[in-house]
Amino acid sequence: MNRYIISAAVWLCVTSAGAQDVSVAIGSGGQTWPPAESATLGKMPSGDFHTGIVRLSEGQSFIISDNGDPKTPNGNKMLDAGFNSEYVIDGADNSINGKPMRRPLDVQPDMDALDLWSDKARYEPGQSVWLNAARFADFPGAMVRYRHGVHILKEEPLRQEWWEWQPPATDFKGYMVDVYMPQADGREQILASIGVDVSSDWKRFPRNGYTAWFQPGKEQWLAGDVAFLNRRHINAVQFQDWHWKHHHPYCPDDIYTDIANNDVSLNVVREFINIQHGYNMLSFFYNLGYGALDRAGAENDGVHYSWYLFRDRNHSEKVYHELPADWKSSISLMNVGFGDWQNYLADRNDEVYSNLPFDGFQVDQLGDPGTLYDWWGNEVDLEWGFGELLRKLKARHPSKRLIMNSVSRFGEREIASSGAVDVCYNEMWADSPYFSDLYDVVASNRRNGGKDMRTIFAAYMNYDYGVANYGKNFNTPGILLTDACIFALGAAHLELGTGYNMLCNEYFPNTNLKMDKTLETAITRYYDFVTAYENWLYDVEGEFQPEVKSLSGHSISLWNGARGPQPRRIAMLANETSAGARVMHLLNFTSVNSLSWRDVNADMPEPSKLSDIRLDIDSDRMVSRVWVASPDSLGGVPQELEYTQRGRTVSITVPSLHYWTMIVME
């Protein structure tokens, strides 16, 4: 039920996208819907513009309802039934003031207090969501609320440890479930929150993780290791260094060795996949797209010498990727665009898919190697070959998914435009160290792969610090600022691994740095946030350039293709969603010591928390409501703001900004 409460109003204009009844009730303040008596304002055919005159006595208000019509157009004042808000029209200057009547206490919930979990990382449309609050009995009188953005779908008492919720069957929607305790003064204390993703395909809202530990006897730990990823809604997992040989990845033996001569259990690999599938996660096997292991019998396994890449036209010097001497072999690079090699690799993948239920292939590369030649002395266009390889692999296994790494943006255009990959995957290095480089990569992938092409960053944090400080902790401020920027750009960050691990190095089994409790809690809230608000982050039609004026002394600069974030300022990214909402991301750069996302020395300082940021925002549209949400406050639960619109100017006060706060104008 959408409803409106407007005080001191003398007239009302309504536009309708379809025939509907609009009902009006007039009374003395504190109106509720449905009222005891109401009158039909008008039956409005599609396209008609209807003006209703409402005469109010002193102290009276009125409510109008569109009777739940989901097609109410822009320009109407819309509020769902869970948000009793008041609208006041000032006849003197024609300003409109929207004021919500339900407000949360400004308290960040303790994530361990209720220990809220869901049973899947991703839900198919129509699939039930099972939720668990292990400590529910400690909070008698608590309420559970389900919503999409600020639109409340349902509220009910928290009665038991496990319970079922049936979300709408609409595909590709994110939801927030929160538990709150009503207070005597009418406010609400948020106790816990969790995101829910209802999507038939992972690639619309990718949240990637990894696993890299397959030692024999690990079976007893697998369930807990994967449960860590499930709580963070990871919907696709990369299996790093699971394979036997690069040119022959599948081994039928119960125990075999990986590239570093570590023992791998085939049963552990299989069980990892099965457990992930139980959470609706996809499992991708990792392998180089053009590698062979000479010391591990490549030629005996059917790899022809004429398939290799060479440094010279006389094929006397093979191209190698050197690895430590005690590893299985260095890697010889193959002519990726050569059809015989492509067929050979596709045949080997047949063996993988026939014996293990992987969902797809994570194809790796090694970046720009300089000028290379084939057996016949022809210069090789490696980037062109990437596209050819991907199309060959997709044609051979059309039901399987493909991802390919673009190392330092090498082959970026050919991969994105291949028509074969689910998403773009960019491994970022010191040649692309700036936050503005992240922006450029996302824009390039959308340009080459279409506006719905998503980007996953393999961006290794605290890299230099991790090499020299085994057993130390990640630097939380550096991680959160980079994640905030990546997610606000509508991208994803490959960073979380099974067993509470986080990447700090391109060798995924490396566990030099650890997450402390502060980072673990914060990163969970960030993944709840990107899951709950995926439609405002990813379903973007394009940027817009708002005119914003700070009235509280906070310096704000727009981040766009022409200019990146600025130090000692709040950076603003502004997008318009496919549903017509305007979204502005505030990112706190006021305390940064660098504009590099890498935080290589783990010394990015924690930003000062800002409060009461008063803004005037130019808007050429009538605003229905304004709300904010942040993973850094209220557990990510949305908070509707009081606002005033005078002509084109919308005035709001943003309660707080630590790392990232999202403003939504509907």
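## Helix α5 and its start

In this predicted model, a side-chain oxygen of Asp381 comes to within 3.3 Å of the backbone nitrogen of Glu383, at the start of helix α5. The helix itself runs over residues 382-396, and its 15 residues reach 21 Å from the first C-alpha to the last, which is close to the 21 Å expected at 1.5 Å a residue.

Leu382, Gly385, Phe386, Gly387, Leu389, Leu390 and Leu393 are the buried residues of α5.

## Asn287 in strand β20

Asn287 belongs to strand β20, which spans residues 282-288, and this residue counts as buried because its relative accessibility is 0%. When residues up to four places away in sequence are not counted, Asn287 touches His243, His246, Pro249 and Leu345, as well as Phe361, Gln362, Val363 and Asp364.

## Asn560 in a loop

Asn560 is placed in the loop that lies between β33 (556-558) and β34 (570-577). With a relative accessibility of 16%, Asn560 counts as buried, because the cut-off for that class is under 20%.

Once its neighbours within four places in sequence are left aside, Asn560 is in contact with Tyr439, Glu543 and Gln545. With Gln545 there is also a polar contact, in which the side chains of Asn560 and Gln545 are joined at 3.1 Å.

Notes. Residues are numbered from 1 along each chain as its sequence is written. This is a predicted model: local features need pLDDT of at least 70, side-chain atom pairs count only at pLDDT 80 or more; totals for chains, interfaces and linings use all residues. Side-chain values use heavy atoms; hydrogens and water are left out. Helices (H or I, at least four residues) and strands (E, at least two) are DSSP runs, numbered from the N terminus. Buried means under 20% relative accessible area, exposed over 50%, partly exposed in between (1.4 Å probe, protein chains only). Contact means heavy atoms within 4.5 Å. A polar contact is a pair of N or O atoms within 3.5 Å; within protein, one must be able to donate a hydrogen and the other to accept it, and residues adjacent in sequence count only if both atoms are side-chain atoms. The expected span of a helix is 1.5 Å times one less than its number of residues.
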